Amino acid sequence: MGLISNYILPKNVDFDNALQSQAHITRAIVEDLQAACRDNNRALLERITDHAEQARSLKSNNMKQLLDVFITSYDKESIYRMITQLDWIALSVKHFVLEVLAYEVVSLDEYRSIVDVLVEMTVLLELGITRLSVNKPKAIAPDIDLIHDKYNQVVKLCAQAVAKLLDQEDCKNIIINKELLAQLREVAKRIHVTANTLEDMAIKIL
């Protein structure tokens, strides 16, 4: 039977668990950023690098399994989009950290309110992926709606922050903070796009 299962029967991969693991580490990365902003401690940003490496490893493994498998529990294209978009969230947070370090930004506290919303978005996203795995696609809709609402909230908070910046006279500070705020909006956008893919997956299994 071992020979038959290994070489004849179609390979079976638990993509529910694979996507949940990737969503969990993605949430952890955003929570790392939240901790750094809450404590206003740049040293805590090092956690993001460690978790980002784990996230990239999970992404690579999930992609390899997707390429190797013949039959999947969901549409293969949808799984591909989910894998790559979760990776984009992690990358976007990592890019924010790279900019913080490059610009030698000292204070992170001013981004805390925005990052708090980003964490709420990733918690909802992870919850939605879990609901998908237990065959509760209809329960995902409220989570998706909340993610959309919180995306709008991030855009609003970023716009308000930029408006305050424009009242200043320090051009260098304005440019740096606008770049960082734009990157936080990018994180929110990636979460929003991933939520749309989740919704698409839920619709397809109804």
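Author: Helices are DSSP runs of H or I with at least four residues, and strands are runs of E with at least two, numbered from the N terminus. This is a predicted model, where local features need pLDDT of at least 70, side-chain atom pairs count only at pLDDT 80 or more, and totals for chains, interfaces and linings use all residues. Residues are numbered from 1 along each chain as its sequence is written, and side-chain values use heavy atoms, without hydrogens and water.

Reader: In which helix does Leu-58 lie, and is Leu-58 buried, partly exposed or exposed?
Author: Leu-58 lies in helix α3. Buried means under 20% relative accessible area, exposed over 50%, and partly exposed in between (1.4 Å probe, protein chains only). Leu-58 has 26% relative accessibility, so it counts as partly exposed.

Reader: Which residues does Leu-58 touch, not counting residues up to four places away in sequence?
Author: Contact means heavy atoms within 4.5 Å. Asp-116 is 58 residues from Leu-58 along the chain, and their C-alpha atoms are separated by 25 Å. Beyond four places in sequence, Leu-58 touches Ser-21, Gln-22 and Ile-25.

Reader: Is Thr-26 buried or exposed?
Author: Thr-26 lies in helix α2. Beyond four places in sequence, its contacts are Leu-86, Ile-89 and Ala-90. Its relative accessible area is 2%, so Thr-26 is buried.

Reader: Which residues touch the most other members of the largest nonpolar core?
Author: A nonpolar core is a set of buried Ala, Val, Leu, Ile, Met, Phe, Trp, Tyr and Cys residues joined through side-chain atoms within 4.5 Å. The largest one has 64 residues, and those with the most contacts to other members are Leu-33, Tyr-111, Leu-118 and Leu-125.

Reader: Which helices each supply at least two residues of this core?
Author: Take Leu-33 of the core. Beyond four places in sequence, Leu-33 is in contact with residues including Leu-45, Val-93 and Leu-184. The helices that each supply at least two core residues are α2 (15-39), α3 (46-68), α4 (76-102), α5 (112-133), α6 (140-165) and α7.

Reader: How far apart are the end C-alpha atoms of helix α7?
Author: The expected span of a helix is 1.5 Å times one less than its number of residues. Helix α7 has 34 residues (171-204), so it should span 50 Å. The end C-alpha atoms agree, at 50 Å.

Reader: How many disulfides does the structure hold?
Author: A disulfide is a pair of cysteine sulfur atoms within 2.5 Å. The sulfur of Cys-37 is 12 Å from the closest cysteine sulfur, in Cys-158, so the two are too far apart for a bond. The number of disulfides is 0.
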